[in-house]
Amino acid sequence: MKKYISYILMGVAVLCTGCEDYFSTNSPSAMGNTIFTSADQIDEVIAGIYVILGEENSYRGRLGGYYVISGTDCEMYVSGAPEYAIYGMTSSDDAYLSAKGKHAWGYLTAGIERANVAINGIEQYADTIKNSKVRYLYGEALTLRAWLTYEMLKFWGDIPYMFAPMGGTDEAIYPKKVDRNIVFEKLREDLKHAANLMPNAKGCPGNTVERCSREFALGLLARIDMVYAGKAMRPDQMVKGSSYKVQFNTTPEKRLELLEEVIWACDEVIAADGESKWMDNYEDIFKAVSGSVTDYMSTESLWEIPFADGVRGCFMQMMGAYLNKTVYNNETPFKGTVKSSDNLSNPKIVVPPSYLLSFEKGDKRKWVTVSPGEWNYDEKSKIEGLTEKVLYQKPEKITKMYLGKYRHEWMKQPMNNREDGVNVPIMRYTDVLLLYAEAAIGSVCEVGNPSNADLTKAQEYFNKVRTRAGVETKTLTMENLMQERAWEFAGEFIRKYDLMRWGVFAEKLWATQEDNKHFTHSQNEEIDFTGTPYEGKLPQKIYVKYAADNTVTTDGSDAYRIVDVYGLTLGENTVPVGYEDETNTGGWVEVEAFTDKKAAAFKVASKGNLVFDINLTKDQLEARQYWPLFNQITGANPNLYNDYGY
């Protein structure tokens, strides 16, 4: 399938762009009706939408990695966080998100325009009754347009209504922002129509996560409905300078309707996929992504943005666990890398200590979500019995533990400079289970008692997620579900938008800021936990155990992977079982995790390393949940304007 994507995208780049300008499109009238009477040519037109997703400032780079995670209660920038990550951005701060005049807004609107061209052409000229492939492609185009539009709503909140090919009128060229509820209603209509047009994944082209399916259309509908039913920063009126605040998007009656639809949509996905989509081992979910497994029934993904191997995609370079540059030398046969390069691992997201320590004892998600160390190659490993240079995981400080869900050693192919070909995962099956549970809580306990809300089934889905994680079941409540989603989905581009729709964005970030001040310390000094929530619950040193692993290398030689960690779970405050002293370690290696040769990552005076800008008031942070419309956007369209304190 990845080869198919590569070939079709190369061909469609010419078909749909005509030249190097990726922002140009062709109208159905210009193309004539011949293209849209051929299913194969319609397929190539729709592939033109995928071309947009593969561009540098689209999902190959700016929209598919650490640029859109920002700071939350479980994800945080290090190494001089840019303005968008600490919520201090202004309308002129678009350098991070654009280059050579092409930027995120432009690529998203270009993708929507291409979808509009495809949809309009199909509706005018194609046979959607007798031709099942055309019917599928119609549904795929509707789904892609809905997803791209939702992405714009996520980033900017208020956007124009863009559901027809751009004409030559001023209204079309310079569209105004509209009430987002109007857009939400259109997305609901389109996704239900798409779900009726497309078969379940097993009947879609290639049976792959790289093409849209009925399940993804319904899963996306559930996600969008939940946002629509929730809270958001929004103006009282769609007028420049209108007052704004965090408030529900709609009425209690409408929320009940939306939550019922979430439950229905999730039920449909679960009925279609059932146990075949569920993976019993949490780590295997992300091994499949990193390993470019695209067979629909062999992954938990409902849909992934496809990239061809070694051609496009910088996902692992941005999101993969950190690699020390020593692993690139010619002596190290490490998987998923090109030798003699230090530009293949540039992750900037760590987990805050408060999040790392929030995991319950025995939660299997902890050391999948968090990488306990960077891959290194030297003779300083302290691994018992080894004195020569070895490839091993060097434990990190608690303030510098990177996300670990996407790992180079799980890749099946080497990187080509920065390009890795690893898909960007957009939604997975577990999200459907937890969206059902959340909708059931909301509909039964908050706004009514709809007939299709089954709290027993919701509790079963919640328990299923926790049982896989290796922790005890607990009562399904909104508070418990909010925390469960943090443990389940950190690093998957979800958390910020969960906090926004729950109306707790600023509250959670402030709490995270305060909690992580407990890990602030002066240079070379140990942390004093006296008087903090961690007093008596953590040691000053941690201990790790290693095991040889020959799957990490390309030649089958041993690398040494951390397989156990003691001292980073609350209550582990002494020494691990088996460790007696430095001469009788029981296989444990002692590590200083709470001291640092540099100033701590959470030092208050260091603006660049905070969860958010220390100069922002809480009200300002509350207002700046969205990106601003950058000057080059408003400069090109005089009908667009900024609010929300920008």
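**Helices and a buried glutamate**

Author: The buried residues of H3 (buried: under 20% relative accessible area with a 1.4 Å probe, protein chains only) are Ala39, Ile42, Asp43, Val45, Ile46, Ala47, Gly48, Ile49, Tyr50, Val51, Ile52 and Leu53. This is a predicted model, where local features need pLDDT of at least 70, side-chain atom pairs count only at pLDDT 80 or more, and totals for chains, interfaces and linings use all residues. Residues are numbered from 1 along each chain as its sequence is written, and side-chain values use heavy atoms, leaving out hydrogens and water.

Reader: How far apart are the end C-alpha atoms of helix H3?

Author: Helices here are DSSP runs of H or I, at least four residues, and strands are E runs of at least two, numbered from the N terminus. The expected span is 1.5 Å times one less than the number of residues, so the 15 residues of H3 (39-53) should span 21 Å. The end C-alpha atoms agree with that, at 22 Å.

Reader: How many residues of H5 are buried?

Author: Helix H5 covers residues 132-156, 25 residues in total. H5 is mostly covered, and the buried count is 22 of 25.

Reader: Which side chain of opposite charge is nearest to glutamate 409?

Author: Glutamate 409 sits in the loop between strands S9 (390-395) and S10 (424-428). Lys and Arg count as positive, Asp and Glu as negative, with His and the chain ends not counted. Glutamate 409 is buried but has no salt bridge (a side-chain nitrogen of Lys or Arg within 4 Å of a carboxyl oxygen of Asp or Glu). At 4.3 Å, the nearest such side chain is arginine 407.

Notes:
Buried means under 20% relative accessible area, exposed over 50%, partly exposed in between (1.4 Å probe, protein chains only).
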